[in-house]
Amino acid sequence: MVLLLVLGILYFFRVDILRLFPQFSGIEEIFPEIISKLPIEKIRKDVSSPPPLRATKEFPESFLTRSGIITLTNIQRNAHGFLPLSKNEQLNTAAFLKAQDMFEKQYFGHVSPLGVDVGGLADDAGYQFIAIGENLALGNFENNTAVVQGWMDSQGHRANILSSRYTEIGVAAVKGMFEGKSTWIAVQEFGLPLSACPEPEESLKAQIESNDIQLQELERELIVKQKELQRMRPKWGPGYNRKVKEYNALVTQYNNLLGAAEALVSEYNNQVKVFNACAAG
């Protein structure tokens, strides 16, 4: 009779334990993914750099100017129904740095021997962009008209000049020694500045990253507690129940934070989508 009574008490006590610890079927079922696995949209930045242009005819009296190239570029845009580009000093600086670098390192291309491209040059000049394009020309072109026409006659360069996305321009026209002869290098830098579209909130991104760190810390703590519970014998009694309560409280904390993190990621992704739609024009 006493034995049956004891067994009955243990049975009912076991039921209480299961109620306290319903989630203990497996960690993976409690938190299937952490925030670092959530899909976070990326801001898109576009770079256009068609193959560089070389002069087909050489003119000893060749003379090129920044202002002339900008003026003629905007004349072409106007003739084809596009708004004129505004001169930007940071893009002027990037263009000059590009021309200077090509003379110094004796290369002619969009990527320097050190791997710096037009985006890197813009960063160095302090120009934050959504889209950027670069046209290059080498040779003793007769004048500004000839070099701009040469670009217009080239599909990729023409696309940069007549792009509706760009709103700003910077130009450099520099004379120097290249491959043993005196010649000109002309550079056009086209840009759509970052300020043209509503940026996603940096504070939101920072909070997402902070949540990511917290979730990973909680995940590690949950795994430790799970292993402790798996090793405990017997799996009943006050000590075991206390550990179960601690574990389940941590699970609740984790899941609440994960829910908040998912909401922040969704909000951030919506902002990025708006930004990318604006950037795409």
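**Exercise 1. Backbone exceptions**

In which loop does P234 lie?

*Solution.* P234 lies in the loop between α8 (202-231) and α9, where helices (H or I, at least four residues) and strands (E, at least two) are DSSP runs numbered from the N terminus. The model is a predicted one, in which local features need pLDDT of at least 70 and side-chain atom pairs count only at pLDDT 80 or more, while totals for chains, interfaces and linings use all residues. Residues are numbered from 1 along each chain as its sequence is written, and side-chain values use heavy atoms, with hydrogens and water left out.

The next step is to inspect the backbone itself. Most residues other than glycine have a negative phi, and most peptide bonds are trans. The peptide bond from R233 to P234 is cis, with omega near -5°. Q106, although not a glycine, has a positive phi of about 55°, and is found in the loop between α4 (89-105) and α5 (118-124). E179 likewise is not a glycine and has a positive phi of about 55°; its place is in the loop between β5 and β6.

To finish, classify the two residues by accessibility, with buried meaning under 20% relative accessible area, exposed over 50%, and partly exposed in between (1.4 Å probe, protein chains only). Q106 counts as partly exposed because its relative accessibility is 38%, whereas E179 counts as exposed because its value is 58%.

**Exercise 2. The pairing of β6**

Determine which strands pair with β6, and state how far β6 is covered.

*Solution.* Two strands pair if DSSP finds at least two bridges between them. On one side of the bookkeeping, β4 and β6 run antiparallel and are joined by nine bridges, with A137 standing opposite A186 in β6. Strand β5 (residues 168-178) also pairs with β6 in the antiparallel sense, over eleven bridges, and here A172 has V187 as its bridge partner in β6. β5 and β6 form a hairpin with two residues between them, and E179 is in the turn. As for cover, eleven of the 13 residues of β6 are buried.

**Exercise 3. A serine in a loop**

Is S62 buried or exposed, and which residues does S62 touch?

*Solution.* S62 is in the loop between β2 and α3, and counts as buried because its relative accessibility is 5%. Beyond residues up to four places away in sequence, S62 touches N140, F141, E142 and W184. S62 and E142 are 80 residues apart in sequence, yet their C-alpha atoms are 4.7 Å apart in space. A polar atom of the S62 side chain lies 2.4 Å from the backbone oxygen of F141.

**Exercise 4. The annotated segment**

Compare the annotation on residues 201-228 with the geometry of the model.

*Solution.* An unreviewed UniProt entry annotates residues 201-228 as "coiled-coil region"; such annotations may be inferred rather than shown by experiment, and the positions follow the numbering used here, with feature names shortened. In the model this span is 96% helix and 0% strand, and its end C-alpha atoms lie 41 Å apart.

Note on methods. Contact means heavy atoms within 4.5 Å. A polar contact is a pair of N or O atoms within 3.5 Å; within protein, one must be able to donate a hydrogen and the other to accept it, and residues adjacent in sequence count only if both atoms are side-chain atoms.
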